[in-house]
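Please look through the sequence and the structure before reading on.

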Amino acid sequence: MASYSTNEFRSGLKIMLDGDPCAIIENEFVKPGKGQAFNRVKIRNLKTGRVLDKTFKSGDSVDAADVIDTEMQYLYNDGEFWHFMDPQSYEQQAADANAVGDARQWLKAQDNCEVTLYNGSPIGVTPPNFVELEISDTDPGLKGDTAQGGTKPATLETGAVVKVPLFLEIGELVKVDTRSGEYMSRVKK
Amino acid sequence: MNWQPSASLQVIRERARIYRQIRSFFNTRGCLEVETPVLASTTNTDVQVATIEVPGFEIPFYLQTSPEFAMKRLLAAGCGSIFQITHAFRQGEAGRLHHPEFSLLEWYRAGYDYHQLMDEMELLITTLSLHQCSFTRITYKDLFRQVMDLGVDEVTLEQLRDHCKKSVPGTNVAQLDFDQCLDLLLGVVIAPTMQGYQFVYDYPLSQAALARVREDDNNVAERFELFFDGIELANGFSELTDADEQRARFEQDNAARAQKGLPQYAIDERLLAALESGLDDCAGVALGLDRLLMVLLELDSIDQVLTFTD
């Protein structure tokens, strides 16, 4: 199996730790001039999402995790699994609720997502940074109130609830930043 | 294409200012500015220092990790007190406080011991600083006692590993030896609690490096380090001048290197010959100028003071 030495550590690197695939978030090099060097890292367990601190002696090596991020198209949800397709090979993958996590509220058929595969199976899904979704429910709009700053909650077609300006109506299309969950703009159909 | 310097123009001007002041400080105090090679056929055997080897020669050549050996040869040759501003190189050291190439001020004082050198260092930093500075001094032993209630003289390796396990969760402590445990605790637990300019002195014998053993307490070496808010700025010694003892330490280093599977280096016989010819008592210190600039200008990262990082 491939392995990485601590001097290859950088954020985003995928390593195995205690049997689980993990991603390095932060790496800090600590070394007294005449003493042992250490790498202090913040690591996210890709299975549980938990963040933990680890300290390695510099020069140690750890196994690489067989983790790849791959662009896939979201197809549908069958009630238990979310199905994705590789647009090149047409190969399909089924991700469970654990793997999809909070991404589920942004998933719309045909949108491209980043699916994280561990040993060939999905363990994580990252939605596109921006999605365009239809408002399926919200309070009636206030005509002429386009300049004021007020907002109201709106439920989108995927189930996500975001704050939108008061003038928006059911059936309108909005652009949302999935990283912050914030409304960006109205989209003309 | 990002061709701009890594440091701001203000920092580049501040570097010029402190270099000017350092030179004038030593010139008026009877210390001679010298220059020694950055590229040489011998290098430091210290287990914790990784040397960059330079290809293209018939025998191995190395970028110097410190100008120490050459400067000691100058002392033995009768130069008197000397100082040097130079670059040093360490393989694989990179991070917020580290860069593989960095700038050093190294100076040696004939006839001084380490406390006298600390006095002079206080004066130098006060001269360079834009603010009032105050300094404290504490022994290595008292520092561990004060911050962690840990007696470095009495503690066993097992107890020390327990301390590491408790204070630095997520560490595989079973693979750490005694000094590695102390390095971890000092770097991760103690340093963040240190405030202002603080000298730590009288290091355990196992961390003597090139320092003389204290005559009245042979458990410690006359070595000191200067920290500012826990950032290590300088390392100094009452210098070891005994050639036999020096040879023994080089041989110990190489044995430890062999054990760890690290490259072993030819012992610097010219340094040993210089010590044999006679080196009077002296003290020397190396001060990291990039980090000093960071501290003086209250910057967070070494990249902000390096003119270019690549």
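Which domains does the domain assignment of chain A give?

## Domains of chain A

The assignment lists domain 1 (3–63), domain 2 (67–126) and domain 3 (130–187) for chain A; such bounds come from an automatic or database domain assignment. This is a predicted model, in which local features need pLDDT of at least 70 and side-chain atom pairs count only at pLDDT 80 or more, while totals for chains, interfaces and linings use all residues. Residues are numbered from 1 along each chain as its sequence is written, and chains are lettered from A and ligands numbered from 1 in the order in which they are written.

Taken over C-alpha atoms, the centres of domain 1 and domain 2 of chain A are 27 Å apart. Their contact takes 4 residues from domain 1 of chain A and 5 residues from domain 2 of chain A (two residues are in contact if their C-beta atoms, placed from the backbone, lie within 7 Å). On the domain 1 side there are 2 nonpolar, no polar and 2 charged residues. Here Ala, Val, Leu, Ile, Met, Phe, Trp, Tyr, Cys and Pro count as nonpolar, Asp, Glu, Lys and Arg as charged, and the others, Gly among them, as polar.

## Strands of chain A

Strand E2 (residues 14–17) and strand E3 (residues 20–30) of chain A pair in the antiparallel sense over 4 bridges. Strands are DSSP runs of E with at least two residues, helices are runs of H or I with at least four, and both are numbered from the N terminus; two strands pair if DSSP finds at least two bridges between them. Lys14(A) has Ala23(A) in E3(A) as its bridge partner. E2(A) and E3(A) form a hairpin with 2 residues between them, and Asp18(A) in the turn has a positive phi of about 50°.

E3(A) also runs antiparallel to strand E4 (residues 38–45) of chain A, joined by 8 bridges. Cys22(A) stands opposite Asn45(A) in E4(A).

## Helices of chain B

Ile18(B), Gln21(B) and Phe25(B) in H1(B) meet Leu124(B), Thr127(B) and Leu128(B) in H3(B). By class, this contact has 4 nonpolar, 2 polar and no charged residues.

## Where the chains meet

How many residues of chain B are in contact with chain A? There are 24, and they touch 17 residues of chain A. H6(B) gives the most to the chain B side, with 7 residues. By class, that side has 7 nonpolar, 11 polar and 6 charged residues.
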